[in-house]
Each structure stands twice: as structure tokens, then as C-alpha cells.
Amino acid sequence: MSQHGPICLRTQKPSAFKLPSVKKFEVECLIRLFYSLAGCPIGKVDNTKLDCNAFRGVLQNFFGMTNDVLMNRVFFVFDKDGDSHVNLQEWIKGLAVFLRGTFEEKMRFCFEVYYLSGDAYISREKIFDMLKSSLFHNSPEEENEEGIKDLVEISLKKMDYDNDGKISFEDFEQAVRKDGLLLEAFGPCLPDAKTCFHFEALVFKNNSPASFEHNPLNT
């Protein structure tokens, strides 16, 4: 069990994370949760990180995500420096988008999850893999393949505005602005409003701002 009082958090001031969508005391709550999940020992804060398994546990237990492929993709989008871990800064900034992101931020986040790596396009192959991981679990393999291929072509017809056989961010943005339901067209990678509400009630509302007034972090 980790100890995560003021000593453990001394070098991580909420003011270091300037996010207009998240209040100072909420950042404090997210910092505490991060170290609790990481099992942070007192005095070892600088290199504290969450590995993929720990992060997937957060997505499952707090946000109800279950799709292995998409959870891995969400992890790699949070992991901005590509070191296969989520550090505190990545944690705070990623959750700010999850919980309070603007429509534009969420659109960019989803696109990054879907293309993940390579040339910044969502290709036929990537669409196929994501849909395969989300759909048709109870149907024969051959039936699955054909059904998914049909969905891939429908998706491209609806979202590939320049008809080059892949979806750029400009294509994605145009499609999503026209039909908001396409934001998560290739699988759920953002928590819904109800899940966010429960997370905030658990993490923020059980910790009032007054409880942080005399914390050394705020000085």
C-alpha cells in the first residue's frame, strides 16, 4: 500500500499543471490518485510511472473499458514520450481530455487512437483490425471477415472525402462535424458522460478544496 501524503507529493505542485478545464484542487486529487495507483514509496517521486498493465487497470476499473486493442491504443496515446509508461504529466493531461476535453480535443484524441502510428492516416487495415476487435465475436470466422470488410467499405465511403482509400484528420474532422456519432466510429476510446460523472464523484467530490488549503504543495 502506498503512502501518498504531503511528503510524497512535495515536488509535484498542482500549479505546475496549467489546464483551464481542471481546477487546482482537482489536479491535486489526480496527483494523489496517480501515486496511490503507482504504489509510490515516500521520497521516490521523480521517476514514478504507470506501466501498460497498471494503466489498463485504470481504464477497466474506473472507465469500464474492456476492448484490449483499444485500451492498448489509448495507453500509447497517453504515453506522449513513447517510453512505454505513463508519467504524471501525461496522466494529468490525458485525463483532462478524458474528463473535460473540448470537442476538438476529443476529436484529435480519437483520431490519434485510431491511426496510432505510421503516416497519420487511418487505413483500411487499421479500420479492419479495430472493427474486428469490437464486433462479431459470436459469428463464424468467415462470416466475420466478410461482414467487417463490408463495414470498412461503408466507413470509407462515409468518411474518406478525398477518395484516396484512407482517412486523414481532415476527412475525420469533416465527417465528425457532420455527424457526431462518428467520433468513436471504430470503437469506444472515450468514457461516456455517466462514467465521467462517477469518476469525478469518487475522485474529486470526496475531497473538498478546503482539505488542500494547508497542503505544502499549494505554497
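**Core.** I began with the largest nonpolar core of this predicted model. A nonpolar core here is a set of buried Ala, Val, Leu, Ile, Met, Phe, Trp, Tyr and Cys residues joined through side-chain atoms within 4.5 Å. Buried means under 20% relative accessible area, exposed over 50% and partly exposed in between, with a 1.4 Å probe and protein chains only. The core holds 63 residues, and Trp91, Phe98, Tyr114, Ile122 and Phe172 touch the most other members. I then asked what Trp91 is in contact with, leaving aside neighbours within four places in sequence. Contact means heavy atoms within 4.5 Å. My list for Trp91 reads Leu30, Leu33, Phe34, Leu37, Leu50, Val58, Phe78 and Val86.

**Ground rules.** I noted that residues are numbered from 1 along each chain as its sequence is written, and that side-chain values use heavy atoms, with hydrogens and water left out. As the model is predicted, local features need pLDDT of at least 70 and side-chain atom pairs count only at pLDDT 80 or more, while totals for chains, interfaces and linings use all residues.

**Whole chain.** I stepped back to the overall layout. The secondary structure comes to 10 helices and 4 strands; these are DSSP runs numbered from the N terminus, helices being H or I with at least four residues and strands E with at least two. From the N terminus on, I read the order as α-α-β-α-α-β-α-α-β-α-α-β-α-α. Of the 219 residues in the chain, 45% are buried. I also checked contacts with a separation of 6 or more: residues 24 or more positions apart account for 65% of them.

**H5 against H10.** Two packed helices are described by the angle between their axes and the distance between the axes. For helix H5 (residues 88-100) and helix H10 (residues 193-203), I found that the axes come within 9 Å and cross at roughly 125°. That makes H5 oblique to H10. Axes are lines fitted to C-alpha atoms, for helices over the stretch in contact, and angles run from 0 to 180 degrees between N-to-C directions. Angles under 35 degrees count as roughly parallel, over 145 as roughly antiparallel, 65 to 115 as roughly perpendicular and the rest as oblique.

Which residues make the contact? H5 brings Leu95, Phe98, Leu99 and Arg100, and H10 brings Cys196, Phe199 and Glu200. By class, I count 5 nonpolar, no polar and 2 charged in the contact of H5 with H10. Nonpolar covers Ala, Val, Leu, Ile, Met, Phe, Trp, Tyr, Cys and Pro, charged covers Asp, Glu, Lys and Arg, and the others, Gly among them, are polar.

**Glu90.** Staying in helix H5, I looked up Glu90. Is it buried or exposed? Glu90 counts as buried because its relative accessibility is 7%. Not counting residues up to four places away in sequence, Glu90 touches Phe78, Asp79, Lys80, Asp81 and His85. Its C-alpha atom is separated by 9.3 Å from that of Val77, 13 residues apart along the chain.

**Cysteines.** I searched the whole structure for disulfides and got 0. A disulfide counts as a pair of cysteine sulfur atoms within 2.5 Å.

**Loops.** Ser84 has phi near 65°, and its place is in the loop between helix H4 (68-78) and strand S2 (85-87). Ser84 is partly exposed at 41%. Leu116 has phi near 60°, in the loop between helix H6 (103-115) and strand S3 (122-123). Leu116 is partly exposed at 31%.

Thr48 is buried, with a relative accessible area of 12%. Leaving aside neighbours within four places in sequence, Thr48 is in contact with Phe34, Tyr35, Ala38, Cys40, Asn87 and Leu88.
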